[in-house]
Amino acid sequence: MSSSQSAGKGWLVTLSGTGINLALGVLYAWSVIAKSLTNDWGWSATMASKPYAVACGVFAVMMVFAGRAQDKYGPKIVASLGGALTGIGMIISSFASQGDNTLMIIGFGILAGTGIGLGYASATPPAVKWFPPAKKGLITGIVVSGFGLASVYISPLTNNLLANVGISKTFMILGIAFFIVSVLLSQFLVNPPAGFVPKGMPVQSKAAASANKKHDFEWHEMMKTPQFYLLWLMYAFASFAGLMIIGHMAKIAGKQLPGTELGFILVAILAIGNAGGRIIAGVVSDKLGRTRTMLLVFTLQAIVMVLLAKATTVPLLIAGALFVGFNYGSNLSLFPSTTADYFGTKNLGVNYGLVFTAWGVGGVFGSMVAGKIVDATGSYNTAFLVAAVLCVAAAATTFITKAPKTITVDKPFRTAGIPQMVNPLIDEKETKNK
């Protein structure tokens, strides 16, 4: 395969993954749906939060299994199954009744959550493998930007459908559409052939390639390093803040600006920031470094959380939605790129799946905690404060997070699959100085 052909193939895979995420991003339209459930069906904030919270949790757990499956069976099969389950789950949700959220929890929460996990886990790994390491952040950002950008069109579309055909038919229409689009685009997700060298990387001899090869961590090796747990904690804390706002944005606008119909517009603005953050943070982190970029993002998010409590005008709410989306979206680019940097790309599917469980924890608790706080106090102020504190904790953690390093060991140990590591909290430069 020529370099021009490989580049074209890589971009086809990248854009297909982005398109799949544009469909699977229906998760981020829940704020608009939840507002309709509370206004039209009389559900409480807690009741309306449950399908979304379950979807976030199932999505995150499935990322582990989906990542391992796509590593083993290929992204096309796993993504196709994911698209089908997402559509079926939405269709089942259309049969939920006004007085019972069980079918919506099963359909949207469990089935669609599973499908989103399968599809999302399969979109990024094949795209990254077609490009050199210097573009890892950029390509990751482009693919995952689709998921964040989805709300730009899904929110107004969903809002229009809810107003014209009601809640049940909205789920039915979206389910059928996403089933078709996701399954079709999944057919273009393929890994590069064995021995493939991305354009821009020098072709090395087998001996040189073997000598320079970075160790690809198996999932159980990764879980023995402190880096895994540090990344997990930062991801959980940052996701709590972002997903809390995403799941409640329309209702926050209703609380802080009563009588103003800005809900779906703010969700769309948040989505623009979400998508932009994924691409911009990916590019910046390729230049500045992953943890330095994380520090900037976490700090800015903490400030925004504090200021949101005082956002009682249209311009302030718009700015708040834009920056919350930007900071949250940055995480969805930074953490998969960092996982690939730290632990290699060979097992990226399952490894990032395990790191991504932190996102699920943040989503479940962010949505549910905010729902309970507003039901109890009638205000989101305490929820904003809790999220700000967690973002500060995540920012502080960046100062002790360094890439793990491996050293060459004797063949018997390498054959046994046991890499020896220098102190995993000391970076390469410090190791050489010692």
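Let's start at the surface. Helix H6, residues 136–186, gives the nonpolar patch its largest share, five residues. Helices here are DSSP runs of H or I with at least four residues, strands are E runs of at least two, and both are numbered from the N terminus. The patch is made of Ile88, Ile176, Phe179, Ile180, Val181 and Leu184, with about 500 Å² of accessible area together. A patch takes residues with over 30% relative accessible area and no salt bridge, joining nonpolar side chains within 5 Å and like charges within 9 Å. Areas are Shrake-Rupley, 1.4 Å probe, and for residues only the protein chains shown count as cover.

A word on the model. It is predicted: local features need pLDDT of at least 70, side-chain atom pairs count only at pLDDT 80 or more, and totals for chains, interfaces and linings use all residues. Numbering runs from 1 along each chain as its sequence is written, and side-chain values use heavy atoms, with hydrogens and water left out.

Ile176 is in helix H6. Why does Ile176 count as partly exposed? Because its relative accessibility is 42%. The cut-offs: buried is under 20% relative accessible area, exposed is over 50%, partly exposed is in between.

Now the whole chain. The protein chain has 16 helices and two strands. Of its 434 residues, 55% count as buried. The chain exposes about 17500 Å², and carbon and sulfur atoms supply 68% of that. Take contacts, meaning heavy atoms within 4.5 Å. Among those between residues at least 6 apart in sequence, 83% join residues at least 24 apart.

The largest nonpolar core has 119 residues. Leu27, Ile245, Tyr352, Phe356 and Trp359 have the most contacts inside it. H9 supplies the largest share of this core, 15 residues. A core is a set of buried Ala, Val, Leu, Ile, Met, Phe, Trp, Tyr and Cys residues joined through side-chain atoms within 4.5 Å.

Look at Trp359. Leaving out residues up to four places away in sequence, its contacts include Leu27, Cys56, Phe59, Tyr235 and Ser239. Ser239 sits in helix H9, residues 226–256. Ser239 counts as buried because its relative accessibility is 1%.

On to rings. The whole structure holds 21 aromatic pairs. One is Phe228 with Tyr229: edge-to-face, 4.9 Å centre to centre, 80° between the planes. Rings of Phe, Tyr and Trp (its six-membered ring) pair if centres lie within 6.5 Å; planes under 30 degrees apart are stacked, over 60 edge-to-face, the rest tilted. Phe228 is buried at 4% relative accessibility. Tyr229 is partly exposed at 41%. Ring pairs also link a cluster: Phe59, Tyr120, Phe147, Tyr235, Phe298, Phe335, Tyr352, Phe356 and Trp359.

Last, charges. How many salt bridges does a search of the whole structure find? Two. The criterion is a side-chain nitrogen of Lys or Arg within 4 Å of a carboxyl oxygen of Asp or Glu. Asp286 bridges to Arg290, with the closest N and O atoms 3.0 Å apart. Asp286 is partly exposed, at 25% relative accessible area. Arg290 is buried, at 10%. Asp341 also meets Arg290 in a salt bridge, 2.5 Å N to O. That pair links distant parts of the chain: Asp341 in helix H12 (residues 314–343) and Arg290 in helix H11 (residues 290–308), 51 residues apart. Through shared partners, Asp286, Arg290 and Asp341 join into one network.

Terms used:
Buried means under 20% relative accessible area, exposed over 50%, partly exposed in between (1.4 Å probe, protein chains only).
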